[in-house]
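Take a look at the structure below. Then follow the text through its parts, one step at a time.

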2 protein chains.
Amino acid sequence: MPIVTSWVASANSALTDFPLNNLPYGVFDDGRGARMGVAIGESILDVARVDHGQDPALFAEPSWNAVMAAGPELWAALRARLTELLSEPAHRDAVAPHLVEAGAVRLLMPFRVSEYTDFYSSRDHATNVGTMFRGVENALPPNWLHIPIGYNGRASSVVVSGTPVVRPHGQLKGPEETAPRFGPSERFDIELEMGAIVGTPSSGPISVAEADAHIFGYVLLNDWSARDIQAWEYQPLGPFQAKATATTISPWIVTAAALAPFRTDAPERELPLLPYLREPGPMLYDIALEVGLTPEGGDETVIARTNSNTLYYSAAQQLAHHSSSGCPMRVGDLLGSGTISGPDRDSRGSLLELSWGGKEPISLQGGGTRTFIEDGDTLTLRGAAQGDGYRIGFGACSGQLLPARRPDTPT
Amino acid sequence: MPIVTSWVASANSALTDFPLNNLPYGVFDDGRGARMGVAIGESILDVARVDHGQDPALFAEPSWNAVMAAGPELWAALRARLTELLSEPAHRDAVAPHLVEAGAVRLLMPFRVSEYTDFYSSRDHATNVGTMFRGVENALPPNWLHIPIGYNGRASSVVVSGTPVVRPHGQLKGPEETAPRFGPSERFDIELEMGAIVGTPSSGPISVAEADAHIFGYVLLNDWSARDIQAWEYQPLGPFQAKATATTISPWIVTAAALAPFRTDAPERELPLLPYLREPGPMLYDIALEVGLTPEGGDETVIARTNSNTLYYSAAQQLAHHSSSGCPMRVGDLLGSGTISGPDRDSRGSLLELSWGGKEPISLQGGGTRTFIEDGDTLTLRGAAQGDGYRIGFGACSGQLLPARRPDTPT
């Protein structure tokens, strides 16, 4: 599929994240209040103000939940109408006054997160972490090749790109210590992930094909993780406060429709999947991903490059599994893929893996090294699917780590 | 504290769950739409229709979230005004027309659950489960005496008492089986718990004293659990689909104010708690709890009796720990205590423990035995704090297990 050209000139660049083929959905504030927007090149369309052809009530509240709840037919009609408005020069006079400069606005959370679930679906990531914690012989848990392992995260801690993150306190206990202490995390980390957003609710088990149709779109997702809090707390009931400080998402929901041309097959299955998890077709996406680390006042080093096509389980399989117990799924549920690591050292999606548990510091371009994140560092995820002369990007998913606060500081 | 008498005669019985000292908050539908109600004896006060002295907007939507969000001063003022209206005979003529018969209405979810967290705070429960899974030497995990261990559950699956529960499907793999299969759970269980409801939000770490003041009230809570799904899925990231089918709560929120006379001290600490978890005073409650099992068409057997004063960690300590990482807590967050088991065999709060992993079936009064729940069984939790001539009860927390549906049955 080639680029679809727009009368918004900046949308026709091969380098923009937001050509007309993309049309991602966000929420912005230009000083006149929070509103729903659609990114197009270097501009944002103030969508409620144009002749979008849908019920204005869907745009009354600054979040995309109402549009999601309106269902797939409306999703398709809205996308078709926006494509028409932004491609046909006849609409230019009516629409152009409602474009705002992307550089001049603040981007807000694009949707209300109902609940947040995080999975563990990258085989290289699970193998790396398992090797560090349990040795190479027991790296992959026995259930891993059968279940898209996941756990419930904390929706209240999901924030949009640009939100600073405060280094958390927690219970820490090193292997040599006899008792835990309470203090700032010393092994604070990122997790490079994709997030899938449920757009169609369900109240019982659904198939992988149904699940795929229920997904409205995707974001980049950084599941900040305190590895030392995690190591001490996670047995027997899983990660809890280690993952509750913040999860940052990119500001634009890239729709499943925009990503459709970039479908790829899952990797070969080492063991056959149970029928309820078998995919009816290619369900992964070819999306190049990278992580940049920028020390305060310094230059960015790209510390990891990988691709979401390396995942073992797709978001559709995760959602089908999530619903298998009868668990009701709701509009606005967010499903993290789990850290996406590739097979090479520089394709690992966390500092835990990149520095191999802190033992092998990585070098930064401006000098210095890192094992885990230092105060003032800004971590930025980027991702894009590469089309023929255009790219479908997500915008940056970025956050700076601020120093820990004394626990008795008023909040 | 003695009973406070009401002109509603049924509220003055020593046996009612709902004397004037209680004033629990719920939502009911008598066929004329869902409304907020206050239980008083055998009646329910249609609270929005009386001169409650507060902003009517707080009662516009049938859930108690808006009242919770209005803050502790309003909670106290509303409780004082309701006590006045229902105690002073001068108000009888104005108020009595807005009492409805409790037996004639359907009770609905009393609040919107923002997020649901389940803890693991009963030492006897943790010891029993640990003994079964890891042996008596390693029963209690090393972190247990330091951390109120918890995990995030699924808010979308929380239902009100009376809602049937469908036996879930899931991945099952017995110790003798070489590969998992997908089928109905064969070890479906209850968990007898208390649930605490966050009424005051927070955006950073809070102390135990602050956390205690943030809790609006309590419900009974049954965290239905598929033990076979859990056994196969829970390593390494904790329980997930095993706990996602349903969690049933009692229909009445019993306020912290009503329970204040029933405070008790925590048990002696085997190891000192870290300062951020130390309680400034008695934080547990003396609430007698029981579980009844009723086979379809049969008589109820009370299978367990215990007390919430046996918990090792209070809800306030759980909430303080939950906030310790900076995790934002919101109005309507629900915190389950974890299964409450006492030291005796008949004080165990789950069938897993009562039948010791299915090896020691328990006897039912009408004949028959149980290891886990059978289709058609109704499980009912009850709880009350015993005052001087009155009791503060929660109403029943009940649900019937329906047979598994074929996974391809439309839902």
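**Where the chains meet**

The contact between chain A and chain B takes 56 residues from chain A and 56 residues from chain B; contact means heavy atoms within 4.5 Å. This is a predicted model, in which local features need pLDDT of at least 70 and side-chain atom pairs count only at pLDDT 80 or more, while totals for chains, interfaces and linings use all residues. Residues are numbered from 1 along each chain as its sequence is written, chains are lettered from A and ligands numbered from 1 in the order in which they are written, and side-chain values use heavy atoms, with hydrogens and water left out.

How much area is buried between chain A and chain B? The value is about 5100 Å², and carbon and sulfur atoms give 58% of it. Buried area is the accessible area (1.4 Å probe) that two parts lose on being put together, summed over both. In chain A, the residues that lose the most area to chain B are Arg154(A), Leu237(A) and Phe240(A). Together they make up 16% of what that side buries.

Now look at the charged pairs. Between chain A and chain B the count is four salt bridges. A salt bridge is a side-chain nitrogen of Lys or Arg within 4 Å of a carboxyl oxygen of Asp or Glu. Glu115(A) and Arg154(B) meet in a salt bridge through their side chains (3.4 Å, N to O).

The rule also finds 27 residue pairs in polar contact across the interface of chain A and chain B, both residues being at pLDDT 80 or more. A polar contact is a pair of N or O atoms within 3.5 Å; within protein, one must be able to donate a hydrogen and the other to accept it, and residues adjacent in sequence count only if both atoms are side-chain atoms.

Several elements of chain A each supply at least two residues of the side that touches chain B, among them strand 6 (116-119), helix 6 (227-233) and helix 8 (315-323). Helices (H or I, at least four residues) and strands (E, at least two) are DSSP runs, numbered from the N terminus. By class, this side of chain A has 26 nonpolar, 23 polar and seven charged residues. Ala, Val, Leu, Ile, Met, Phe, Trp, Tyr, Cys and Pro count as nonpolar, Asp, Glu, Lys and Arg as charged, and the others, Gly among them, as polar.

**Inside chain A**

Next, take chain A by itself. Its secondary structure comes to nine helices and 27 strands. The C-alpha atoms of chain A fill a box of roughly 70 × 50 × 40 Å, taken along the principal axes.

Chain A is divided into domain 1 (9-108) and domain 2 (116-402), with bounds that come from an automatic or database domain assignment. The contact between them takes 24 residues from domain 1 of chain A and 25 residues from domain 2 of chain A. Their centres, taken over C-alpha atoms, are 28 Å apart. The two domains of chain A bury about 2000 Å² between them, 67% of it on carbon and sulfur atoms. In domain 1, Tyr25(A), Met68(A) and Trp75(A) lose the most area to domain 2, together 28% of what that side buries.

Across this domain interface the rule finds one salt bridge. Arg391(A) and Asp17(A) meet in a salt bridge through their side chains (2.8 Å, N to O). Five residue pairs are in polar contact across the interface of domain 1 and domain 2 of chain A, both at pLDDT 80 or more.

**Details of the backbone**

Most residues other than glycine have a negative phi, and most peptide bonds are trans. Where do we find departures? A cis peptide bond joins Gln235(A) and Pro236(A), with omega about 5°. Pro236(A) sits in the loop between helix 6 and strand 16 (247-249) of chain A. In chain B, the peptide bond from Gln235(B) to Pro236(B) is cis, with omega near 5°. Leu23(A) has a positive phi, near 55°, and is a residue other than glycine. Leu23(A) is found in the segment before strand 1 of chain A.
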